[in-house]
Amino acid sequence: MKKVKSIIYQLHQQHIKLSLQGDNIEVASRDNKLTPEQIQLIKSHKNDIIAYLKTLEYSNTAVAKIPEIPAAAHYEMSDAQRRLWLVCQMEETSAAYNLPLAVDLQGTYDLNYFQKAIEATIERHEVLRTVFKEDETGEVRQWILPVNDLGFTVDYQDYQNEQNPKEASKNYITNDSYKVFDLENGPLIRASLHHLSTNEYVFYYNMHHIISDGWSLDVLANDVMIFYNAFKNNTTPALPALRVQYKDFVVWNTKQLAENTLKEGKQFWLEKLAGELPTIDLPGQKLRPKFKTSNGNVLRTTVPVSLTEKLNDFVKAQQGSLYTGLIAALKTTIHKYTAKNDLIIGSPVVGRSHPELENQIGFYVNNLILRNVIDTDDSFQSFYTKVKQNTFDSFQHASYPFDRLIEDIGIKYDMSRTPIFDISLTLHNATEALVSMESDMDEIEEVGRGVCKNDIEFHFRPEGDVISILVKFNNDIYEVSTMTNFIKHFK
């Protein structure tokens with residue numbers, strides 16, 4: 001049963017929800033797409049998944065609602081918010097936690113309705129009008145402002161007469177992406193509408209990570225467009241009321257920790273992270289700065305069709321997933337580079353274990369710690385089996401807050417590194433083929449500068465028959481040539 005729960009949770013991280021429809025499984029995906037390996041994963045465990053879902057459906061101990069807390073002048077912060085607030089006290093670090101996103105729009109749009117739609121979304125989600133400042137005792141707390149006191153406006157940019165409207169929009173977005181937010185006064189969201197041509201717009205918005213995460217970016221875009229269409233057509237927005245808000249989640253989660261509801265998770269991680277924690281320093285790195293920076297470079301490449309097919313065939317034969325296949329391959333490459341056997345990488349997970357959090361905006365994302373010890377006598381197949389099991393076990397306890405874990409293990413703070421892990425891996429949702437099949441699949445393109453919160457971040461995305469790879473790395477630590485060679489060896 002633990003394995004089934006881990007599969008369901010893993011799919012949840014990929015925005016895939018499983019529910020019962022009679023005696024069959026109903027699958028819902030945020031983008032209505034499933035990869036062949038996701039389909040195979042569900043099929044191969046179909047009977048066990050149905051049995052587990054039935055125990056949930058007919059259980060007398062249904063999932064308890066998150067309680068609403070009484071209104072107050074201010075509210076406590078989550079562990080994640082508290083750590084991020086401390087990190088962001090250095091201005092040059094704060095911009096690293098901006099979450100910008102641009103959405104292409106086709107058709108004609110009314111600026112007044114658009115302004116109203118975003119304001120309605122801010123009204124709907126309290127966290128979008130939250131600021132962070134000290135109370136009378138000197139403790140930093142969440143303060144929720146009325147929309148009218150937030151000072152929020154939509155910035156309209158008309159680029160129709162520009163020689164290159166798309167380039168003008170891109171420059172605006174690049175500049176805004178690195179502008180620092182004022183955590184004490186807000187607002188912690190900026191939005192603009194770029195008019196490129198008669199029927200072409202860009203909706204750009206940027207939120208600070210302390211009130212948001214990757215999942216929240218999609219929620220905001222969805223809510224804004226629903227509100228916009230409702231205002232435009234003079235209809236009622238098709239959005240269910242939010243019974244609870246982020247502040248309610250914080251109190252509920254804190255209570256779970258205090259009451260030892262997550263005691264099993266805490267014990268699992270204390271055992272998993274016992275002893276000296278390894279670090280990862282690839283050969284050829286520069287002298288590490290005394291204080292951690294977020295100055296990044298970005299490289300992009302593609303795993304070609306033939307190699308993607310082989311990888312998918314391998315994990316399918318092992319009854320695994322692309323996610324665990326990539327983890328095993330990456331750790332094997334790191335081992336070959338460093339000769340280290342004890343390896344830790346991090347992987348962001350959605351962190352919305354309660355159904356009432358699905359449509360919320362807030363800082364819910366959690367870091368999953370993946371620690372494996374490589375036995376050099378193992379075959380890759382044997383090592384993969386261990387990685388698969390370890391990943392399932394770790395997902396079983398993925399709800400335990402990473403920031404609380406840092407406190408639990410009493411890790412010695414190193415101002416030059418991310419706590420616990422140096423390298424992260426993210427598998428994003430599958431998309432249609434975005435890469436030209438005629439392009440050189442082994443080409444490694446230097447995209448340019450970018451923010452890198454860890455030493456190295458690996459971002460994978462299935463695109464049609466290939467896998468795209470985006471590698472962000474801290475250029476105060478690694479040279480482009482070092483990372484280019486590493487990517488070649490990884491492939």
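Q: Which residues are linked with Asp281 in a network of salt bridges?
A: A salt bridge is a side-chain nitrogen of Lys or Arg within 4 Å of a carboxyl oxygen of Asp or Glu. In this predicted model, Asp281, Arg288, Asp414, Arg417, Asp422 and Asp455 are linked in such a network. Within it, the closest N and O atoms of Arg288 and Asp281 are 2.9 Å apart. By this rule, the count comes to 22 salt bridges.

Q: Is Arg288 buried or exposed?
A: Buried means under 20% relative accessible area, exposed over 50%, and partly exposed in between (1.4 Å probe, protein chains only). Arg288 is buried at 15%, while Asp281 is partly exposed at 29%.

Q: What basis do these values have?
A: Residues are numbered from 1 along each chain as its sequence is written, and side-chain values use heavy atoms, leaving out hydrogens and water. Local features need pLDDT of at least 70 and side-chain atom pairs count only at pLDDT 80 or more, whereas totals for chains, interfaces and linings use all residues.

Q: Where do Arg82 and Asp79 lie?
A: Helices (H or I, at least four residues) and strands (E, at least two) are DSSP runs, numbered from the N terminus. Both residues lie in helix 4 (residues 79-87), three residues apart, about one turn of the helix.

Q: In what order do the four strands form the open sheet?
A: Two strands pair if DSSP finds at least two bridges between them. The order is 3-8-7-6, with mixed pairing. Strand 3 (98-106) and strand 6 (154-158) are the edges.
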